[in-house]
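Q: I'm new to this one and would like a close look at a single part. Could you start there and then work outwards?

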Amino acid sequence: ENEKEHPASLAKLFTIEYARSLAAPDTLVTVTEGALEHVKKDSSLASLQAGETYSLQDLFAAMLVPSGNDAAYVVADYIGGLNHPDASNADERIRLFLEDLQSHLQKQGWTDTRLYDPSGYDFEGTTTAADLKEVCDLLLKESWFRNIVSQHSYEATLADGTTKTWKNTNRFLDPEDPYYNEKVQGVKTGSLGKDYNLIVLYHTGNKEFLIVSLGSNSDDSRYDDLSYLLRTIEESSYLKH
(Lines give C-alpha, C1' and ligand atoms only; values in the text may rest on other atoms or scores of the structure.)
Protein backbone atom coordinates (compact mmCIF):
# COMPACT_ATOMS: atom_id res chain seq x y z
CA GLU A 1 0.00 0.00 0.00
CA ASN A 2 3.01 2.33 0.18
CA GLU A 3 4.23 1.69 -3.37
CA LYS A 4 4.27 4.91 -5.37
CA GLU A 5 2.00 5.04 -8.43
CA HIS A 6 0.64 7.70 -10.79
CA PRO A 7 -2.69 8.90 -9.39
CA ALA A 8 -4.15 10.06 -12.73
CA SER A 9 -7.62 11.49 -12.03
CA LEU A 10 -7.55 10.18 -8.46
CA ALA A 11 -5.49 13.34 -7.83
CA LYS A 12 -8.81 15.19 -7.97
CA LEU A 13 -9.67 13.68 -4.56
CA PHE A 14 -6.76 15.58 -2.98
CA THR A 15 -7.70 18.77 -4.84
CA ILE A 16 -11.27 18.50 -3.54
CA GLU A 17 -10.25 17.65 0.03
CA TYR A 18 -8.03 20.74 0.14
CA ALA A 19 -10.52 23.07 -1.56
CA ARG A 20 -13.38 22.07 0.73
CA SER A 21 -11.25 23.04 3.74
CA LEU A 22 -11.16 26.63 2.46
CA ALA A 23 -14.61 27.29 0.99
CA ALA A 24 -18.16 26.12 1.67
CA PRO A 25 -19.88 23.79 -0.84
CA ASP A 26 -22.50 26.44 -1.69
CA THR A 27 -19.85 29.04 -2.65
CA LEU A 28 -20.51 30.36 -6.16
CA VAL A 29 -17.61 30.15 -8.61
CA THR A 30 -17.49 31.63 -12.13
CA VAL A 31 -15.56 29.78 -14.83
CA THR A 32 -12.73 31.87 -16.29
CA GLU A 33 -11.23 31.62 -19.75
CA GLY A 34 -7.78 31.54 -18.19
CA ALA A 35 -8.58 28.41 -16.20
CA LEU A 36 -9.94 26.60 -19.27
CA GLU A 37 -6.76 27.39 -21.20
CA HIS A 38 -4.97 24.89 -18.92
CA VAL A 39 -7.00 21.94 -20.22
CA LYS A 40 -4.73 19.49 -22.07
CA LYS A 41 -5.59 17.66 -25.27
CA ASP A 42 -7.58 14.42 -24.82
CA SER A 43 -8.66 15.41 -21.30
CA SER A 44 -11.89 14.11 -19.82
CA LEU A 45 -14.25 17.08 -19.61
CA ALA A 46 -17.39 18.38 -17.92
CA SER A 47 -17.86 20.82 -20.84
CA LEU A 48 -17.67 23.94 -18.71
CA GLN A 49 -17.88 27.28 -20.51
CA ALA A 50 -16.27 30.59 -19.57
CA GLY A 51 -18.74 32.86 -17.78
CA GLU A 52 -20.84 30.02 -16.32
CA THR A 53 -21.34 30.15 -12.55
CA TYR A 54 -21.59 26.98 -10.46
CA SER A 55 -21.67 26.16 -6.78
CA LEU A 56 -18.38 24.71 -5.56
CA GLN A 57 -20.22 21.47 -4.78
CA ASP A 58 -21.35 21.17 -8.41
CA LEU A 59 -17.77 21.79 -9.54
CA PHE A 60 -16.69 18.97 -7.25
CA ALA A 61 -19.36 16.82 -8.94
CA ALA A 62 -17.96 17.86 -12.32
CA MET A 63 -14.57 16.54 -11.16
CA LEU A 64 -15.94 13.33 -9.64
CA VAL A 65 -18.70 12.17 -12.02
CA PRO A 66 -17.43 12.81 -15.58
CA SER A 67 -13.91 13.36 -14.15
CA GLY A 68 -13.76 16.82 -15.71
CA ASN A 69 -10.23 18.17 -15.88
CA ASP A 70 -11.71 21.54 -16.83
CA ALA A 71 -13.51 21.67 -13.47
CA ALA A 72 -10.27 20.89 -11.61
CA TYR A 73 -8.56 23.93 -13.16
CA VAL A 74 -11.57 26.13 -12.37
CA VAL A 75 -11.45 25.06 -8.71
CA ALA A 76 -7.67 25.55 -8.55
CA ASP A 77 -8.04 28.99 -10.15
CA TYR A 78 -10.70 30.00 -7.63
CA ILE A 79 -8.95 28.68 -4.51
CA GLY A 80 -5.62 30.09 -5.68
CA GLY A 81 -7.26 33.52 -5.97
CA LEU A 82 -8.85 33.09 -2.55
CA ASN A 83 -5.48 32.44 -0.95
CA HIS A 84 -3.58 34.95 -3.10
CA PRO A 85 -5.86 37.87 -4.02
CA ASP A 86 -2.90 39.74 -5.53
CA ALA A 87 -2.28 37.02 -8.15
CA SER A 88 -2.87 38.66 -11.52
CA ASN A 89 -3.93 35.77 -13.76
CA ALA A 90 -5.06 32.15 -13.86
CA ASP A 91 -1.55 30.84 -14.53
CA GLU A 92 -0.27 32.41 -11.34
CA ARG A 93 -3.33 31.44 -9.30
CA ILE A 94 -3.12 27.78 -10.34
CA ARG A 95 0.64 27.67 -9.73
CA LEU A 96 0.18 29.09 -6.23
CA PHE A 97 -2.72 26.70 -5.60
CA LEU A 98 -0.45 23.75 -6.36
CA GLU A 99 2.23 25.06 -4.00
CA ASP A 100 -0.36 25.48 -1.24
CA LEU A 101 -1.84 22.05 -1.99
CA GLN A 102 1.56 20.41 -1.65
CA SER A 103 2.07 22.08 1.73
CA HIS A 104 -1.37 20.83 2.79
CA LEU A 105 -0.51 17.25 1.74
CA GLN A 106 2.66 17.37 3.83
CA LYS A 107 0.75 18.66 6.87
CA GLN A 108 -1.78 15.87 6.47
CA GLY A 109 1.05 13.33 6.51
CA TRP A 110 0.56 12.29 2.88
CA THR A 111 4.27 12.54 2.22
CA ASP A 112 4.27 10.04 -0.67
CA THR A 113 1.81 12.15 -2.66
CA ARG A 114 3.22 14.82 -4.96
CA LEU A 115 0.93 16.55 -7.43
CA TYR A 116 1.90 18.85 -10.27
CA ASP A 117 -1.54 19.23 -11.85
CA PRO A 118 -4.87 19.68 -10.00
CA SER A 119 -6.62 17.33 -12.45
CA GLY A 120 -4.05 14.53 -12.30
CA TYR A 121 -3.11 14.84 -15.98
CA ASP A 122 0.57 14.58 -15.15
CA PHE A 123 3.10 11.76 -15.58
CA GLU A 124 5.35 12.94 -12.74
CA GLY A 125 2.83 12.99 -9.89
CA THR A 126 2.84 10.15 -7.38
CA THR A 127 0.60 8.80 -4.65
CA THR A 128 0.01 5.56 -2.76
CA ALA A 129 -2.97 3.38 -1.93
CA ALA A 130 -2.42 4.31 1.73
CA ASP A 131 -2.66 8.06 1.06
CA LEU A 132 -5.70 7.57 -1.18
CA LYS A 133 -7.41 5.52 1.52
CA GLU A 134 -6.88 8.34 4.02
CA VAL A 135 -8.18 11.12 1.75
CA CYS A 136 -11.24 9.00 0.96
CA ASP A 137 -11.86 8.38 4.66
CA LEU A 138 -12.01 12.15 5.20
CA LEU A 139 -14.23 12.87 2.19
CA LEU A 140 -16.62 10.02 2.98
CA LYS A 141 -17.51 11.79 6.22
CA GLU A 142 -19.28 14.39 4.03
CA SER A 143 -22.83 13.49 2.97
CA TRP A 144 -22.54 15.60 -0.20
CA PHE A 145 -19.49 13.59 -1.28
CA ARG A 146 -21.21 10.26 -0.74
CA ASN A 147 -24.24 11.51 -2.64
CA ILE A 148 -22.19 12.67 -5.63
CA VAL A 149 -19.97 9.61 -6.07
CA SER A 150 -22.85 7.14 -5.77
CA GLN A 151 -24.83 8.55 -8.71
CA HIS A 152 -24.77 7.16 -12.23
CA SER A 153 -25.59 10.66 -13.47
CA TYR A 154 -25.60 14.05 -11.79
CA GLU A 155 -27.59 17.16 -12.66
CA ALA A 156 -26.02 20.51 -11.80
CA THR A 157 -28.05 23.72 -11.59
CA LEU A 158 -26.13 26.79 -12.70
CA ALA A 159 -26.61 30.21 -11.13
CA ASP A 160 -28.78 31.31 -14.07
CA GLY A 161 -31.18 28.40 -13.49
CA THR A 162 -30.06 26.27 -16.44
CA THR A 163 -28.99 22.68 -15.83
CA LYS A 164 -26.21 20.42 -17.01
CA THR A 165 -26.12 16.62 -16.64
CA TRP A 166 -22.97 14.51 -16.38
CA LYS A 167 -22.59 10.72 -16.62
CA ASN A 168 -20.35 8.89 -14.17
CA THR A 169 -17.19 7.28 -15.53
CA ASN A 170 -17.59 4.43 -12.99
CA ARG A 171 -19.03 1.49 -14.94
CA PHE A 172 -20.06 -0.29 -11.73
CA LEU A 173 -22.77 2.38 -11.37
CA ASP A 174 -24.28 2.06 -14.87
CA PRO A 175 -27.34 -0.26 -14.87
CA GLU A 176 -26.84 -0.80 -18.62
CA ASP A 177 -23.20 -1.90 -18.26
CA PRO A 178 -22.22 -5.59 -17.83
CA TYR A 179 -20.05 -4.57 -14.86
CA TYR A 180 -22.97 -2.97 -13.00
CA ASN A 181 -23.03 -3.84 -9.29
CA GLU A 182 -25.82 -2.46 -7.11
CA LYS A 183 -23.69 -2.76 -3.98
CA VAL A 184 -21.04 -0.34 -5.29
CA GLN A 185 -21.55 3.15 -3.81
CA GLY A 186 -18.78 5.04 -5.68
CA VAL A 187 -15.93 6.35 -5.52
CA LYS A 188 -13.66 7.31 -8.49
CA THR A 189 -11.88 6.21 -11.64
CA GLY A 190 -8.53 7.40 -12.91
CA SER A 191 -6.55 6.55 -16.03
CA LEU A 192 -3.41 7.95 -17.61
CA GLY A 193 -1.24 6.28 -20.24
CA LYS A 194 -1.19 2.56 -19.49
CA ASP A 195 -2.32 2.88 -15.87
CA TYR A 196 -5.97 2.30 -15.01
CA ASN A 197 -6.96 3.05 -11.42
CA LEU A 198 -10.20 2.54 -9.54
CA ILE A 199 -11.39 3.19 -5.98
CA VAL A 200 -14.59 1.43 -4.95
CA LEU A 201 -16.83 1.89 -1.93
CA TYR A 202 -18.69 -1.40 -1.48
CA HIS A 203 -21.60 -1.97 0.88
CA THR A 204 -22.76 -5.48 1.68
CA GLY A 205 -24.76 -6.63 4.66
CA ASN A 206 -23.97 -4.16 7.41
CA LYS A 207 -20.34 -3.67 6.37
CA GLU A 208 -18.59 -1.17 4.16
CA PHE A 209 -15.36 -1.78 2.25
CA LEU A 210 -13.05 0.74 0.59
CA ILE A 211 -10.87 -0.83 -2.11
CA VAL A 212 -8.04 1.06 -3.80
CA SER A 213 -6.76 -0.54 -7.02
CA LEU A 214 -3.85 1.05 -8.89
CA GLY A 215 -2.14 0.11 -12.14
CA SER A 216 -4.50 -2.26 -13.96
CA ASN A 217 -3.50 -2.53 -17.63
CA SER A 218 -6.83 -1.70 -19.31
CA ASP A 219 -10.26 -0.27 -18.61
CA ASP A 220 -11.87 -3.73 -18.58
CA SER A 221 -9.13 -5.27 -16.44
CA ARG A 222 -9.62 -2.80 -13.60
CA TYR A 223 -13.27 -3.84 -13.38
CA ASP A 224 -12.30 -7.52 -13.69
CA ASP A 225 -9.75 -7.07 -10.90
CA LEU A 226 -12.27 -5.37 -8.62
CA SER A 227 -15.06 -7.80 -9.49
CA TYR A 228 -12.80 -10.65 -8.40
CA LEU A 229 -12.17 -8.90 -5.08
CA LEU A 230 -15.87 -8.18 -4.57
CA ARG A 231 -16.72 -11.84 -5.18
CA THR A 232 -14.00 -12.83 -2.72
CA ILE A 233 -15.59 -10.57 -0.10
CA GLU A 234 -19.04 -12.06 -0.71
CA GLU A 235 -17.70 -15.62 -0.43
CA SER A 236 -15.56 -14.98 2.65
CA SER A 237 -16.33 -16.20 6.12
CA TYR A 238 -15.71 -12.63 7.35
CA LEU A 239 -19.23 -11.59 6.38
CA LYS A 240 -20.74 -14.40 8.43
CA HIS A 241 -19.35 -13.01 11.69
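What are H1 and H6 to each other?

A: A quick note before the tour: this is a predicted model, where local features need pLDDT of at least 70 and side-chain atom pairs count only at pLDDT 80 or more, while totals for chains, interfaces and linings use all residues. Residues are numbered from 1 along each chain as its sequence is written, and side-chain values use heavy atoms, with hydrogens and water left out.

Now to your pair. Helices and strands here are DSSP runs (H or I, at least four residues, for helices; E, at least two, for strands), numbered from the N terminus. Helix H1 covers residues 11-20 and helix H6 residues 129-139; their axes come within 10 Å and cross at roughly 40°. Those axes are lines fitted to C-alpha atoms, for helices over the stretch in contact, with angles running from 0 to 180 degrees between N-to-C directions. H1 and H6 are therefore oblique to each other. Angles under 35 degrees count as roughly parallel, over 145 as roughly antiparallel, 65 to 115 as roughly perpendicular, and the rest as oblique.

The crossing of H1 and H6 is also left-handed, a word used when the near helix is turned anticlockwise from the far one by less than a right angle (right-handed if clockwise). On the H1 side, Leu13, Phe14, Ile16, Glu17 and Arg20 make the contact, and H6 brings Asp131, Leu132, Val135, Cys136, Leu138 and Leu139. Contact means heavy atoms within 4.5 Å. Sorted by class, that gives eight nonpolar, no polar and three charged residues. In this scheme Ala, Val, Leu, Ile, Met, Phe, Trp, Tyr, Cys and Pro are nonpolar, Asp, Glu, Lys and Arg are charged, and the others, Gly among them, are polar.

H1 itself is mostly covered, with nine of its 10 residues buried. Buried means under 20% relative accessible area, exposed over 50%, and partly exposed in between (1.4 Å probe, protein chains only). The buried ones in H1 run from Ala11, Lys12 and Leu13 through Phe14, Thr15 and Ile16 to Glu17, Tyr18 and Ala19.

In the segment before H1 sits Ala8. Ala8 has a positive phi of about 50° although it is not a glycine, and at 1% relative accessibility it counts as buried. For background, most residues other than glycine have a negative phi. Ser67, in the loop between helix H3 (56-64) and H4, also has a positive phi, near 60°. Ser67 counts as buried at 3% relative accessibility.

That loop leads on to another helix pair. Helix H4 (residues 69-83) and helix H5 (residues 90-108) pack at an angle of about 85°, with their axes 7 Å apart. That makes H4 roughly perpendicular to H5. Tyr73, Ala76, Asp77, Ile79, Gly80, Gly81 and Asn83 in H4 meet Ala90, Arg93, Ile94, Phe97 and Asp100 in H5. The residues of this contact divide into six nonpolar, three polar and three charged.

Gly51 is exposed, with a relative accessible area of 54%. Setting aside neighbours within four places in sequence, Gly51 touches Thr30 and Val31.
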